[in-house]
Amino acid sequence: MKEDKKVIYITDEKPGQISIISNIKKYTNLKDYSYIKKFTNNNSNLKICSLETATKIDQKFDLIIYDDISSFSYHNRYEILDILDKLAYENSRIISYSIEEILKNADYIIIPLKNNKFPIVEPRTVITRINISKDIPFVIYDYLKWSINAGRKVIIYVPDYIKVREVSSYIRQYCKYILKNIMCFERERPDEKVISKFFNMENAVLITDYFGDLISHIENSDIMIYFADNKSFNYKEFIYLCASVARDKKNLKGEVIFLANYETKEMEKAKCIARNFNKEAWNMGLLKV
């Protein structure tokens, strides 16, 4: 910035919740930056925008920073590489934050855990022959009962609104003696009051097809991903959910459960990434446990 270089920071965090802007305001006196919702001619040296907005920018930058971990990631490696290539000079510098290597033949730094120095949750897989559109496996009933008895909430993710309704129907039928509050949140009919109520409830289960920042990082909660073998799910979504389960010194009980009829490459890749992060953190002596 001191050398009058052009910098772009790409993040899909929601406007008003962008960490880089909060940190600039909190820790610096920098004024030469702008958040761009729609691209217009702008003279600021530091531009901050979403990936969608970045695709519309017809400009090259000296430094490009792509943040793929501060929000729910919907973009694959090739989409990211395309936009980085579009915005870069031949000698531009590029920094990417991601759960995997984006740039090949580049230097990389591994930061294998969050600020709290506790391991990321490694997901457990439950494989069943039961039609989970209509019935609940006994082991899942046990997991639900254990979570509720431990005073924890449960968030059940499903692929679409039809599954929200099917799963909620039989959960209400089979779990009425262990669950007081069963709530639904559909992506196409979002009602933030439901999330607010869920935040403040005990003995509660939320069933949703919404993958995003609105629900993530709810304290004292476990996560189940029903139909984890569905093609609509990918390893990035799985890892984001594993990282969103809050753990601290007093509470290491967080669980992420994959429920499926068979294990997919996406499920296995997510488990491998989580395992490797924890292995790296242990080898580097960073874990508190």
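Reader: Which residues does Val256 touch, not counting those up to four places away in sequence?

Author: Val256 touches Val121, Pro123, Arg124, Ile223, Ile225, Leu241, Cys242 and Val245. A contact means heavy atoms within 4.5 Å. This is a predicted model: local features need pLDDT of at least 70, side-chain atom pairs count only at pLDDT 80 or more, and totals for chains, interfaces and linings use all residues. Residues are numbered from 1 along each chain as its sequence is written, and side-chain values use heavy atoms, with hydrogens and water left out.

Reader: What makes a set of residues a nonpolar core?

Author: The members must be buried Ala, Val, Leu, Ile, Met, Phe, Trp, Tyr or Cys residues, joined through side-chain atoms within 4.5 Å. Buried means under 20% relative accessible area; exposed means over 50%, and partly exposed lies in between (1.4 Å probe, protein chains only). The largest core has 34 residues. Leu206, Ile223, Ile225, Phe238, Val256 and Phe258 touch the most other members.

Reader: Which elements give two or more residues to this core?

Author: They are strand 7 (153-157), strand 8, helix 6, strand 9 (204-208), strand 10 (221-226), helix 7 (235-244), strand 11 (256-260) and helix 8. Helix 7 gives the largest share, six residues. A second, separate core of 25 residues includes Val154, Ile156, Tyr170 and Ile182.

Reader: How do you know where a helix or a strand is?

Author: Both are DSSP runs, numbered from the N terminus: helices are H or I with at least four residues, strands are E with at least two.

Reader: Why do strand 7 and strand 10 count as paired?

Author: Two strands pair if DSSP finds at least two bridges between them. Five bridges join strand 7 to strand 10, so the pair meets the rule. These strands run parallel. Ile156 stands opposite Met224 in strand 10.

Reader: What is the strand order in the open sheet of six strands?

Author: The order is 6-11-10-7-9-8, with parallel pairing. Strand 6 and strand 8 are the edge strands, since each pairs on one side only. From one strand to the next, the twist averages 20 degrees. Helix 7 lies across strand 7, strand 10 and strand 11, at about 165 degrees to strand 10. Axes are lines fitted to C-alpha atoms, for helices over the stretch in contact, and angles run from 0 to 180 degrees between N-to-C directions.

Reader: What is the strand order in the open sheet of five strands?

Author: There the order is 2-3-1-4-5, with parallel pairing. Strand 2 (33-36) and strand 5 are the edges, each pairing on one side only. Strand 1 (residues 7-11) and strand 3 (residues 46-49) pair over four bridges, in the parallel sense. Tyr9 has Ile48 of strand 3 as its bridge partner. Helix 3 (residues 77-87) packs on this sheet and touches strand 1, strand 4 (61-67) and strand 5. The direction of helix 3 makes about 140 degrees with that of strand 5.

Reader: Why is the link between Glu100 and Lys269 called a salt bridge?

Author: A salt bridge needs a side-chain nitrogen of Lys or Arg within 4 Å of a carboxyl oxygen of Asp or Glu. Here the N to O distance is 3.7 Å, so the pair qualifies. Glu100 lies in the loop between strand 5 (88-97) and strand 6 (124-127), and Lys269 in helix 8 (residues 265-283), so the bridge ties together parts 169 residues apart in sequence. The structure holds nine salt bridges.

Reader: What makes Glu186 buried but Arg165 partly exposed?

Author: Glu186 has a relative accessible area of 8%, so it falls in the buried class. Arg165, at 41%, falls in the partly exposed class. These two residues form a salt bridge, with their closest N and O atoms 2.9 Å apart. Arg165, Glu186 and Arg189 are linked in a network of salt bridges.

Reader: Which classes do Glu263 and Lys271 fall into?

Author: Glu263, at 36%, is partly exposed, whereas Lys271, at 16%, is buried. Their side chains meet in a salt bridge (2.9 Å, N to O).

Reader: How do you know how many disulfides the structure holds?

Author: A disulfide is a pair of cysteine sulfur atoms within 2.5 Å. The count is zero. Take Cys175: the nearest cysteine sulfur, that of Cys184, is 13 Å away. That is too far for a bond. Cys175 is buried at 0% relative accessibility, and Cys184 is partly exposed at 26%.
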